[in-house]
Amino acid sequence: MERAERRGIVGRGVRVGLLMACAPVLPWAALALGVALVEFLRPGGDTRLAARDLRYGGLLTGGSLLAGAVMGLVLAGGLALASRVATRPGGLTLVAALLGALVFPAVFVVVAIGTDGAVAQLGTTFLAWPVMAAVAAAHGADVAGRTRRRPWLWPSGPAQERRPEPVTADAAPERPHRAS
């Protein structure tokens, strides 16, 4: 597999992984940061509670980004291997759904750590599990590079076609800058 093609698969996989991880977690992070702001600004507010909620918001945000990147890398690697065997997009859809379902528990870990195991947040995240597996399935053929149905996964414009220019021997050397 060519280097640019591998880089494209990894980039598309990470984008889908970030979508899968951030969609169910970032609303809880925004809620935690909002509660921290309210606790900090209201008269008689508890600054310890505000600091704890600020920490939870940071853990949820950073954890979802990290989990999304890892999920995307696993998704891209699995789909790159499966694209060698699967000849139809339906096979890649199935592989993507299975991989999406297998890597989604990383989001549970993030939510459990970032909310101290709050039942409502964990329950909502559990309900998002099949939805995010379906998201992975819907984007599987695009991540593997077989289709281009999802334009947000594919770079557009001249940057996609741009390659580094070769260096020629007759190019004039740069003038050194004078030190002041």
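What share of the contacts in the protein chain with a separation of 6 or more comes from residues 24 or more positions apart? It's 71%, where a contact means heavy atoms within 4.5 Å. This is a predicted model, so local features need pLDDT of at least 70 and side-chain atom pairs count only at pLDDT 80 or more, while totals for chains, interfaces and linings use all residues. Residues are numbered from 1 along each chain as its sequence is written, and side-chain values use heavy atoms, with hydrogens and water left out.

**Overall fold**
- The protein chain has six helices and zero strands, counting DSSP runs numbered from the N terminus (helices are H or I, at least four residues; strands are E, at least two).
- Read along the sequence, that gives the pattern α-α-α-α-α-α.
- Of the 180 residues in the protein chain, 36% are buried; buried means under 20% relative accessible area, exposed means over 50%, and partly exposed is in between (1.4 Å probe, protein chains only).

**Confidence**
- The chain averages a pLDDT of 83, and 79% of the residues score at least 70; pLDDT is the predictor's confidence in each residue, from 0 to 100.

**Helix α4**
- The buried residues of α4 are Val107, Phe108, Val110, Val111 and Gly114.
- Seen down the axis of α4, these buried residues fall within an arc of 160 degrees, so they line one face of the helix; the arc is that of the directions from the helix axis to the C-beta atoms.
- As background, an α-helix has 3.6 residues a turn, so residues three or four places apart point the same way.
- After α4 comes aspartate 116, with a positive phi near 55 degrees.

**Second largest pocket**
- This pocket has a volume of about 160 Å³.
- On a 1 Å grid over the protein atoms alone, a pocket is an open set of points where a 1.4 Å probe fits, with protein on both sides within 12 Å along at least five of seven lines; lining residues have an atom within 4 Å of a point.
- Grid points are joined across faces, edges and corners, and the volume is the space filled by probe spheres set on the points.
- The lining includes Trp28, Arg52, Tyr56, Asp116 and Gln121, and the elements giving two or more residues to it are α1 (3-41) and α2 (47-85).
- By class, the lining has six nonpolar, three polar and three charged residues; Ala, Val, Leu, Ile, Met, Phe, Trp, Tyr, Cys and Pro count as nonpolar, Asp, Glu, Lys and Arg as charged, and the others, Gly among them, as polar.

- Glutamate 39 sits in helix α1 and is buried, with a relative accessible area of 11%.
- Leaving aside neighbours within four places in sequence, glutamate 39 is in contact with Gly45, Asp46, Leu49 and Ala50.
- Leucine 49 lies in α2 and is partly exposed, at 25% relative accessible area; its C-alpha is 7.1 Å from that of alanine 36, 13 residues apart along the chain.
- Leucine 18 belongs to α1 and is partly exposed at 28%.
- Not counting residues up to four places away in sequence, leucine 18 touches Ala23, Leu65, Gly68 and Ala69.
- Leucine 18 and leucine 66 are 48 residues apart in sequence, and 8.4 Å apart in space, C-alpha to C-alpha.
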